[in-house]
Amino acid sequence: MTTEIEIQRGKAYTVDRGSVAKAPGTGMLKGLGVVFKHFVKSYGAKNSKKSDIAGTFTVEYPEERTKLPETYRNMPILLYDDESGQELCTSCFQCERICPPQVIHITQEKDPATGKAVPAAAEFLIEYDACMSCGLCHEVCPFDAIKMDHEFELSSAEHLSLTLNKEALNRPVSYYAAIAPRLWEEARAGAYKKLQGSLKRRSGYIGIAPQMQDHVPPAPVPEKPAPRAAAEAASARQAVTAEAAGSTQAAPTAAAPSTVDEKKARLEAIRAAKAAQKAADQNDQAKER
Amino acid sequence: MLKTDELQINIGPQHPSTHGVFRMLCTVDGETIVDLKPVFGYLHRNHEQLAEVSTYLQMMPYTDRLDYFNSMAMNWGLALAVEKLAGIPVPERAEYIRVIMNELTRILNHASALGFLINDMGAWQTPLLFGLREREKILDLFELASGARMMCNYFRFGGVLRDLPPEFLPQLQELMAGLPGFFDEFETLLRDNEILMARAVDVGILPKELAVSYSVTGPLLRASGIPYDIRKAEPYGIYERLDFDIPVGSVGDVYDRFLVRIEEMRQSYRILQQCLEQIGDAQGGHIVKEMASTGKQKALRPPVGDVYARVETPKGELGFYLVSDGSPQPYRYKVRAPSFINLSPLGDMCRGHKVADVVVILGSIDIVMGEVDR
């Protein structure tokens, strides 16, 4: 019994329920035949083609790994230039605003002498534990400073180790160029051009990745006469650099890892400040009404 | 006949056969179901309220988490609604990419849903792994295009996030070379199996009239014998250009749902073939020019008004009702979730059957709790 209804560019048809009576057990044997065929084939060579529907498909994970596509995204990272150590981030707050679960917290760098905002991030926290890997932050970043990492083995016994600060988030540009050559090639020219623009307003160690501060000289002070405080800070830094130079490459990660408690306190402070700001806004709105 | 008392028992919420956190309040007489009430809400995540404080773009990754098996289809629902509301055109090539993604989603959903259905019947793992193998291959393609296997977040208002990488279409072609073999094999594996027939034939019948009055959609409705498919009834995207048929069932039992899903995979394969032939000539890029930057997407302020847009996801009609007050956030955002509505007639389907059949009937509806509770 098959009925057909004509519809535009196709028809509706009734599926065949198989009304013919069969000897009992034949249906099951047919199925077992398929399973047996697969069992035999599973001892053959490993499958490499997408069109294969029988054989061995498993990948022995920790030893063997499949290649990740370039576009793969897991967690956000920040980029800095390999040579000068200058971070691409200018703390424009685009990513903080768009982040759907609101896990990015940025503080802008200020010129120590004038107190004016400088296009660099003083602090950059991302709560990896609440991040949903949607990738909107790297899509929206106009400076190509935030990118999505391919690293996925992030498990940790310490919950707060999943709140990452700038030092932990920073990766050299060469790292990203290695994991996503085509995507970086598209973005490279624009990213460096914009970096040159923000360099004009940075001075000293402002905007230099924390792990690179011991290996690169501070940026030249811009044309305006350097404020004394900044110059002193810079010379103090240089003295430290000179000492550190003796012990050559002091492990950058071990240089100044903020403790878990510090991180937690800082995160709490940022959250409290945001909540206070929000409450104040609401108060204002209420007053307006 | 021995007089027995009726007894109320709970199946779930923490039960592996309920496909998530879902409770069925059963009244049983011995092994027979006298009454069954589905109880939802254990996975409520405030999806709709969240939209009222988020921009339209910020909701896109959250739609992935509605039906996490078919995130591409879910993306399309929101994208279509916002495009209708704001009057954003979609280039031809983007439409083809969308159809390819949506039909791949349908194949992977049906392959794994049938696997889980057979799992519920007691055929542990073997048939399920046949389905999951195909699903993995398709997920590899999704990862290639969007960057993620399940939470794709690939659709944007006016197109898709990025164009297909050059290796995508050849890989899709290679994958498709194996698909007909998979459909036939999957059918041979189980179609005539005596145990499956005993568990599925005439179990959980949903009559036509009842299905319509519950506003059930998707394969569940088509298995009850009503040829209703939004891709035909209210074509969106480029579906009106594509040839495909609608398989319908005649009885409306679990067995019909099984057969209809297999046939739907074959129809999806036909659609994919046509898309592969035509995508080369498609005009335009992957996204319309005026919406190409994420900044534009982010700052989208649709004009004041409301809109209802619907798409045919593998589970049924997914509708988005949006009300805009001209601000970047929707004033109201409502999801018509297919799994949720398809789950409502569960009590009627189960009445008179045994407790063991409840699990099979629930499996044949094919639900994802993320979508039911939102």
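Guide: Let's start with the polar contacts: across the interface of chain B and chain A there are 28 residue pairs in polar contact, both residues at pLDDT 80 or more. A polar contact is a pair of N or O atoms within 3.5 Å; within protein, one must be able to donate a hydrogen and the other to accept it, and residues adjacent in sequence count only if both atoms are side-chain atoms. This is a predicted model, where local features need pLDDT of at least 70 and side-chain atom pairs count only at pLDDT 80 or more, while totals for chains, interfaces and linings use all residues. Residues are numbered from 1 along each chain as its sequence is written, chains are lettered from A and ligands numbered from 1 in the order in which they are written, and side-chain values use heavy atoms, with hydrogens and water left out.

Which parts of chain B do the touching? At least two residues each come from helix 2 (56-64), helix 5 (126-146), helix 6 (168-190), helix 7 (194-200), strand 6 (246-248), helix 11 (254-278) and helix 12 (294-298) of chain B. Helices (H or I, at least four residues) and strands (E, at least two) are DSSP runs, numbered from the N terminus. Sorted by class, this side of chain B has 28 nonpolar, 14 polar and 24 charged residues. Here Ala, Val, Leu, Ile, Met, Phe, Trp, Tyr, Cys and Pro count as nonpolar, Asp, Glu, Lys and Arg as charged, and the others, Gly among them, as polar.

Charges also meet across the interface of chain B and chain A, in 6 salt bridges, each a side-chain nitrogen of Lys or Arg within 4 Å of a carboxyl oxygen of Asp or Glu. One of them joins the side chains of A:Glu139 and B:Arg156, at 2.8 Å from N to O.

Now for the whole interface. In total, 66 residues of chain B are in contact with 52 residues of chain A, where contact means heavy atoms within 4.5 Å. About 4,700 Å² is buried between chain B and chain A, and carbon and sulfur atoms give 55% of that area. Buried area is the accessible area (1.4 Å probe) that two parts lose on being put together, summed over both. B:Gln58, B:Asp192 and B:Glu194 supply 11% of the area that chain B buries against chain A, more than any other three residues.

Finally, look at the strands. Strand 2 (residues 10-14) of chain A pairs with strand 6 of chain B in the parallel sense over 3 bridges; strands pair if DSSP finds at least two bridges between them. There, A:Tyr13 has B:Pro247 as its bridge partner.
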